[in-house]
Amino acid sequence: MNGKKRPHRSTGKSGPNGLITEVRSQSGGLWAKLGLALAAILLIAIMSAPEWISSLYPLSNQEVVFASAEKHDVDPFLVFAIIRAESGGEANACSPAGARGMMQLMPDTAEWIASQMGRTDYRVEQLNDPAVNIEMGCWYLKHLDREFHGNDTAVIAAYNAGLTTVQEWIENGQWDGSAAHIDSIPYPETREYVYDVQRNYSYYRKIYIRR
């Protein structure tokens with residue numbers, strides 16, 4: 001650059017090049033305004049949760065989820081929110097750490113859950129069965145709910161980081177367990193997970209709970 005400012009409009013001859021430059025400048029501004037307007041409309045549409053957005057927030061295995069959630073007294077939309085964050089609804093999902101199924105249960109945790117539920121016929125392969133995985137996941141959510149006295153934010157964090165870990169954070173004053181201080185959660189992965197599940201939960205309720 002030579003440091004000289006190029007005039008916004010031609011100050012001399014108004015030949016075709018100057019006219020084209022002016023038209024392009026005006027068109028660019030128009031498209032920028034249209035882009036902002038469209039972005040605003042899209043944001044309003046998403047926040048209003050119309051029918052079409054339900055395809056982004058499916059009710060995976062809804063009959064199993066509603067039945068298991070009712071049986072274990074947990075919010076079915078929280079279950080859907082966790083499924084979306086954990087596996088995207090894939091029954092055969094398996095994480096690098098070994099978590100399996102739609103609700104991504106670790107084999108050792110699932111074995112403990114099975115023993116608490118009295119499932120004497122449990123086998124690790126059953127974690128890929130949505131009916132088994134979701135019911136065990138719902139049982140575990142209720143267990144966490146009791147441990148944290150109905151604090152959904154702490155429940156979500158514990159589902160990701162582990163019950164003992166979250167209890168230690170709260171006891172040591174590293175996090176108070178509240179939704180207002182999610183940014184204080186020591187694990188970045190868990191912070192993002194809590195935000196993700198809460199966002200999912202909000203959208204599920206907006207989409208599927210009719211006023």
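Me: What makes the meeting of Arg199 and Asp196 a salt bridge?
Reply: In this predicted model, the side chains of Arg199 and Asp196 come to 3.4 Å, N to O. The definition asks for a side-chain nitrogen of Lys or Arg within 4 Å of a carboxyl oxygen of Asp or Glu, so the pair qualifies as a salt bridge.

Me: Why are Arg199 and Asp196 said to be separated by about one helical turn?
Reply: Both belong to helix α8 and are 3 residues apart, which means a separation of about one helical turn.

Me: Why are Arg199 and Asp196 each called partly exposed?
Reply: Partly exposed lies between the buried limit, under 20%, and the exposed limit, over 50%. Arg199 has a relative accessible area of 43%, and Asp196 has 23%; both therefore fall into the partly exposed class.

Me: Why is the pair of Glu135 and Arg119 said to tie parts together?
Reply: Glu135 lies in helix α5, whereas Arg119 lies in the loop between α4 and α5; the pair therefore ties together parts that are 16 residues apart in sequence.

Me: Glu135 and Arg119: why is each called buried or partly exposed?
Reply: Glu135 has a relative accessible area of 13%, and because buried means under 20%, Glu135 is buried. Arg119 has 21%, so Arg119 is partly exposed.

Me: What makes Asp75 and Arg205 a salt bridge?
Reply: Their side chains meet at 4.0 Å, N to O, and the limit is within 4 Å. The pair is listed as a salt bridge, and the structure holds 6 salt bridges.

Me: Which parts does the pair of Asp75 and Arg205 tie together?
Reply: Asp75 is in the loop between α2 and α3 and Arg205 is in helix α8, so the parts tied together are 130 residues apart in sequence. Asp75, at 25% relative accessibility, counts as partly exposed, and Arg205, at 36%, is partly exposed.

Me: What makes Asp75 a cap of α3?
Reply: A side-chain oxygen of Asp75 lies 2.9 Å from the backbone nitrogen of Phe77, at the N-terminal end of α3.

Me: Why is α3 called mostly covered?
Reply: Of its 11 residues, 8 are buried. Among them are Phe77, Leu78 and Phe80. The buried residues of α3 pack against α2 (62–72), α5 (130–147), α6 (152–161) and α8 (188–208). The helix is followed by Gly88, which has a positive phi, near 65°.

Me: How do you know that Gln104 is buried?
Reply: Its relative accessibility is 10%; because buried means under 20%, Gln104 counts as buried. Gln104 lies in the loop between α3 (76–86) and α4 (107–117).

Me: Which backbone oxygens does the side chain of Gln104 reach?
Reply: The side chain of Gln104 reaches the backbone oxygen of Ala93 at 3.1 Å and that of Ala99 at 3.4 Å. With a limit of 3.5 Å, both therefore count as polar contacts. Leaving aside neighbours within four places in sequence, Gln104 is in contact with residues including Glu86, Ser87 and Asn133.

How values were computed. Residues are numbered from 1 along each chain as its sequence is written. This is a predicted model: local features need pLDDT of at least 70, side-chain atom pairs count only at pLDDT 80 or more; totals for chains, interfaces and linings use all residues. Side-chain values use heavy atoms; hydrogens and water are left out. Helices (H or I, at least four residues) and strands (E, at least two) are DSSP runs, numbered from the N terminus. Buried means under 20% relative accessible area, exposed over 50%, partly exposed in between (1.4 Å probe, protein chains only). A polar contact is a pair of N or O atoms within 3.5 Å; within protein, one must be able to donate a hydrogen and the other to accept it, and residues adjacent in sequence count only if both atoms are side-chain atoms. Contact means heavy atoms within 4.5 Å.
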